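This report concerns one multi-chain protein model. Please keep the sequence and the coordinates at hand while reading.

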Amino acid sequence: VRFFWLLALVFFLMVPNLNAQNPEDLISDETYECLVCHESLHPGIVESWRQSRHYQITPGEAMAVEGLGLKVSNPDVPMALRDNNVGCAECHLLRPDAHDGTYEHNGYRVHTVVSPEDCATCHSVEREQYSHNVMAHAYGNLVYNPLYMDLTETINGVPVRKGDRIETKPQDDMTMAESCLYCHGTKLEVTGTEVRDTDFGTMEFPKLAGWPNQGSGRINLDGSMGSCSACHTRHQFSMAEARKPYTCKECHDGPDVPAYKVYSTSKHGVIFSAKQKDWNFTNTPWVIGQDFTAPTCATCHISLTTDTDGTVVAERTHALTPRLPWRIFGLVYAHPQPKSPDTSIIRNDDGLPLPTNLDGTFAGGFLIDQEEMEVRKQRMQSTCMSCHSQQWVDGHWERMENTIRTTNEATLTSTKLLAEIWEKGYAKGLPQGESVFDEFIEKVWSDIWLLHCNSIRFTSAMAGGGDYGVFADGRYVLNRRVTELKDWLRTQDMIHEKKK
Amino acid sequence: VRFFWLLALVFFLMVPNLNAQNPEDLISDETYECLVCHESLHPGIVESWRQSRHYQITPGEAMAVEGLGLKVSNPDVPMALRDNNVGCAECHLLRPDAHDGTYEHNGYRVHTVVSPEDCATCHSVEREQYSHNVMAHAYGNLVYNPLYMDLTETINGVPVRKGDRIETKPQDDMTMAESCLYCHGTKLEVTGTEVRDTDFGTMEFPKLAGWPNQGSGRINLDGSMGSCSACHTRHQFSMAEARKPYTCKECHDGPDVPAYKVYSTSKHGVIFSAKQKDWNFTNTPWVIGQDFTAPTCATCHISLTTDTDGTVVAERTHALTPRLPWRIFGLVYAHPQPKSPDTSIIRNDDGLPLPTNLDGTFAGGFLIDQEEMEVRKQRMQSTCMSCHSQQWVDGHWERMENTIRTTNEATLTSTKLLAEIWEKGYAKGLPQGESVFDEFIEKVWSDIWLLHCNSIRFTSAMAGGGDYGVFADGRYVLNRRVTELKDWLRTQDMIHEKKK
Amino acid sequence: VRFFWLLALVFFLMVPNLNAQNPEDLISDETYECLVCHESLHPGIVESWRQSRHYQITPGEAMAVEGLGLKVSNPDVPMALRDNNVGCAECHLLRPDAHDGTYEHNGYRVHTVVSPEDCATCHSVEREQYSHNVMAHAYGNLVYNPLYMDLTETINGVPVRKGDRIETKPQDDMTMAESCLYCHGTKLEVTGTEVRDTDFGTMEFPKLAGWPNQGSGRINLDGSMGSCSACHTRHQFSMAEARKPYTCKECHDGPDVPAYKVYSTSKHGVIFSAKQKDWNFTNTPWVIGQDFTAPTCATCHISLTTDTDGTVVAERTHALTPRLPWRIFGLVYAHPQPKSPDTSIIRNDDGLPLPTNLDGTFAGGFLIDQEEMEVRKQRMQSTCMSCHSQQWVDGHWERMENTIRTTNEATLTSTKLLAEIWEKGYAKGLPQGESVFDEFIEKVWSDIWLLHCNSIRFTSAMAGGGDYGVFADGRYVLNRRVTELKDWLRTQDMIHEKKK
């Protein structure tokens, strides 16, 4: 019996410190009131929130973290928010006048869509960085570019039969919202109010166009751009999740941007898959070697990392561009990164809204120069050097830049072939002032640079994923498509010859 | 020394209760006799079984579970089966007269293929539900439909050169068994007996045609349809495994039904990938928020789920259809779910064995009506509402139904183009009374609705997987294929014009 | 307070035995000197190494392992290496005279590229086995085969416009190194020396062509073939990693060799995905049933496995071929395995460097005979039998050999069609003495056997992955491509007819 008590005591002492705070006690009165109903209405998101850091500690405590582990980057978080954990009310009641569609709800002025400006209340540095990210501008970069919108029309428009012709109905908003804008972000708008019978009586809510959406460049009801939950999913808003490559996969799985597929086939991805269960995805800063032994997407592109001595290897950046000299996503050709994250302002030498000219040269003035490219290359390579020698890294980089050149060259060849087709009138494009994307042979051309050259470049950039550079949408397929262009042209030539 | 003994005691008390039963003691004499030889012959499946719940407890104990955790749904399990765990003999000796091919084996009457009727001995409710599942009828739904069999001939038939023509040899049984029927299920038949020299002497076994197979609609030797091990793999028969999306991937990975690929790219799939290692896949009922924070396939389509208060969110269904208003898998168009899981009985208005007419309207009388669709929609949405507001869910659903309309419209346009091709005699199909699937341009048409419209609809239904709705077999590719149809027709027109 | 001390004692006794060696104490003086600089320069690989078995124990201790767990297969490891763990110096200073490009570095003669001959110092048996592996010969098997090099030219060569023609620039070394040779391995060569300013002063290093590379058949600077780190990634060199299918995925993800994709969709892969987190990937030998309940790539092809009694089920083989009767990777047709791992010596009956003739018969004398095939089949099936009955395995095998026949037949039909196209002069190939891979219609033909027939056969061989045998690059697509060949030929016929 004595031993039983002894054992009980041992277990008692083994449980976490009883003086530790219970997060339930940190909940504000306002959030508590939300939970009274919403806990049973939406148990999934409430429990998800209970697994979050937002639930575990208060902003005041988070602000007290010293050194590189500090996550609340705003030193001036309002006093009123410092002593409760971050629950429903702390975000959905913030800045009520700033948001269109804020509504009265049981005595509170609630807004449905939390924006990066709300998050900036605590995470001001990250929000500022993200505003320089091309992804924050993803809505406008697509929608305000007439050439890209011509492309989306030929993707989302529905082909219909009119008499003996096929026409394309203009793309509708709902299709656009679940295709291109799913990732780019929709433009949210309040279109009215709707009265709904709920378990708790009749209630009135704003009606929102473009909702739901968590796209990276969403236009919010306070006019801000972006959605933090694109990568830090509601309502856990987890850093660990964003550090895993699955997060990026949601929008970068290909074949136009096959980043995830290439990564998971690369040596880095293979190591991640085999060992991730023993890695630490929550440590801040993220210690190379100790927390992980191969990079994920975030390691190279975003995260604050240090070596085992605590020396910073890379600074955190939610802008991404500081580490990116090249834009390997070809439009139409791969090119140096644009200077501004707002790419809708770019015009090439022919006045087209493209960062490159049709002959493959770069749109003057809108792209970063050699010197800036060199600075960014050094920043990126500092991560590589944590596991690789300079010679290894140089060898890799030289191959990548060679591949940028050769894929741009293949794109040029294809573009010339298409120009000949247009000239001969076999299809109607630029010379005829018509869409360059709406005919079969034009789509073969867009496949070449949009799917195949991009797949090859992503593979090259990640130094692996062999087949994504060869048989899986890579060089083997690229060359097949180029011969398809040639073959189609030759057949048309033969048919038209005999006409004469 | 005293401390050593104290420590030993602590550990002693920490091991599981010594009074707990040892599953080895629950093994029946019959199963014990099986194990004497088969444990060394097939260690993989024997150890797999040892990890199963079948091994851990007896049906009698399982029947004593109260409330939603009850898994043995038959209240009348035969007394003789209640006190041993469920081993080899308990299944393979059941109902020996019901199975064709039951054979004498060391004094026992054994059958190789365990059927859902055997499983129903304990799991009667699940078996009954599954008999209403279209997957249980998957063999007949394919094989008894002459139009679908025409399609399979053009898939499985081997092209051979005869003189200067290409003909297609009729598909053979072995090919059919490892292609379409791998998932649909084969028809098992006893074709004779075979004598084999084994380590334990000469033995006689029945020879089975269609074996091995674990397809969801397998025709068993007792005449029943289905295979529980399609999803609950032998010999662990695990609920946890079936709750993971990999199980569904085996037959739903695309591009005709790209459910897994779309899921793994959707927000739900991203969360699953990032967090599953901390989730509980064995708890019954499955508690939303507590056991998991994003749905898998099973969550939305099959599982019994509750909220954290224990209130049922969704009832378990092995039929699946109770939660499915639409059938987004187009044949040729997406359509309301069929009334009967036996779809081979359906005839459209032209007498073709299809649930839709060639103009996209629905085959009258065979499909569920609006009212039933509404009921099923509500059932499905109750799961969504565990994490999403009504407005979110409504917005999503409206987009999905819009996509059903637009993809059906694109299919109609393509079908009209093919009809013109047939009329002009450039290819031979319906008007000529020939196969609609065996020529190149017909395959372009079937790609459009079978691969691309389906990919788009699965992406829409899962509210994500952006690129599967766009560049990865989605709208971008759909429109390319439609222009390919047009382009082919135009080229043929030009060639035939000049003939005149 | 007394209880506190008691508890402290309990914890104290629970930590691992304090007498256990600290691996840091096993580091040699030479390796210690490397670490002084390289630990901070490359923390990733140093920490990775600290997670390795090479760090944990010494060769001397590893040699003392008795029975099947022995990993150091050389009984004569030099005495000088036995008492330190295996660190930087133990590998990079080995056999300095054997390696081209060994350089002076802080008083040591270092070589950058560690070769299988270095690894053989401890792992002699594995190295010997691997020398018989076709993968060790992968560089020469590609580069010394003029027909395959013609194929790589049409893949890696860059199409350029010359006047009104399209020509292909010869493939460059950097492209070749990151496409085909990424997996096949590059040929490393010292091209000079380079002086570099480092944090530790000016230093001179050899410049290497073909670097970096970890391809399976890399030609090393000591003339040896292969790279152990292709599968056992530097610097952990883990057996557990190589046992996971991700490792194989790096080079076998398709569509030409879609082994990983097929596996992950097969029943075996589904079980692996669902349960791997509870499996033991480090145990040696690998115990079927106890350590895992479904095979990975390594289980069937490489690993030493036993049943739960310790009886060997399969012997370890780094050659792989002992368990492989067929080569299902068609060149142009599937065929019995070559006798020699050096396949560049093979000539078919027409003198072409192919293991099969153009009519599908096998290149006489270079392939293993029926008897050897039977022996290898038995070896492979002994693994199957750990979970499946002989009847199951026979049924599977019969289907696979049927599929080898039918896919070879489809390839023959396609080849005859292409021959007719060549004869009629619509394209230029063998009869004209020109490339058989460089025109559009020839690429349709190569797709048929290289992508589609291979996908079908991999699916068949893994008894699953239904759609990779049907809609996902399988039979559905195969038949579409064959009709595309026919359709193209018919269109050309029509055009040329009217010419006359």
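The model is predicted; local features require pLDDT of at least 70 and side-chain atom pairs count only at pLDDT 80 or more, whereas totals for chains, interfaces and linings use all residues. Residues are numbered from 1 along each chain as its sequence is written, chains are lettered from A and ligands numbered from 1 in the order in which they are written, and side-chain values use heavy atoms, with hydrogens and water left out.

**Symmetry**

Chain C is superposed on chain B by a rotation of 120° with 0.0 Å of shift along the axis, the RMSD being 0.0 Å. This is the relation of a three-fold axis. The C-alpha of chain C nearest that axis belongs to C:Ile495, at 3.9 Å from it. Different surfaces are used by the copies, since 7% of the contact residues of chain C recur in chain B. Superposition is by least squares on the C-alpha atoms of residues with pLDDT of at least 70 in both copies, and contact means heavy atoms within 4.5 Å.

**Salt bridges**

A salt bridge is a side-chain nitrogen of Lys or Arg within 4 Å of a carboxyl oxygen of Asp or Glu. By this rule, 75 salt bridges are counted over all chains.

| Pair | N to O distance |
|---|---|
| A:Arg196 and A:Glu194 | 2.8 Å |
| A:Glu484 and A:Arg481 | 3.0 Å |
| B:Glu167 and B:Arg165 | 3.5 Å |

Relative accessible area, computed with a 1.4 Å probe on protein chains only, classes a residue as buried under 20%, exposed over 50% and partly exposed in between. A:Arg196 is buried, at 16%. In the second pair, A:Glu484 is buried at 14%, and A:Arg481 is buried at 8%. Both residues of that pair belong to helix α21 (residues 475-499) of chain A, where they stand three residues apart, about one turn of the helix. Helices are DSSP runs (H or I, at least four residues), as are strands (E, at least two), numbered from the N terminus. Elsewhere, a network of salt bridges links A:Glu24, A:Glu39, A:Glu47 and A:Arg50.

**A helix pair in chain C**

Helix α2 (residues 29-41) and helix α3 (residues 43-50) of chain C pack at about 125°, and their axes are 7 Å apart. The two helices are therefore oblique to each other. Residues of α2(C) in this contact include C:Leu35 and C:His38, and those of α3(C) include C:Val46 and C:Trp49. By class, the contact has five nonpolar, three polar and three charged residues.

**Two buried residues**

Where does B:Trp279 lie? B:Trp279 is in the loop between α16 (267-275) and β7 (286-287) of chain B, and is buried at 11% relative accessible area. Its C-alpha is separated by 5.5 Å from that of B:Asp291, twelve residues apart along the chain. Leaving aside residues up to four places away in sequence, B:Trp279 touches B:Ile271, B:Phe272, B:Asp291, B:Phe292, B:Thr293 and B:Ala294.

C:Thr247, in helix α14 (residues 245-249) of chain C, is buried at 6% relative accessibility.

Definitions and conventions: Axes are lines fitted to C-alpha atoms, for helices over the stretch in contact, and angles run from 0 to 180 degrees between N-to-C directions. Angles under 35 degrees count as roughly parallel, over 145 as roughly antiparallel, 65 to 115 as roughly perpendicular and the rest as oblique. Ala, Val, Leu, Ile, Met, Phe, Trp, Tyr, Cys and Pro count as nonpolar, Asp, Glu, Lys and Arg as charged, and the others, Gly among them, as polar.
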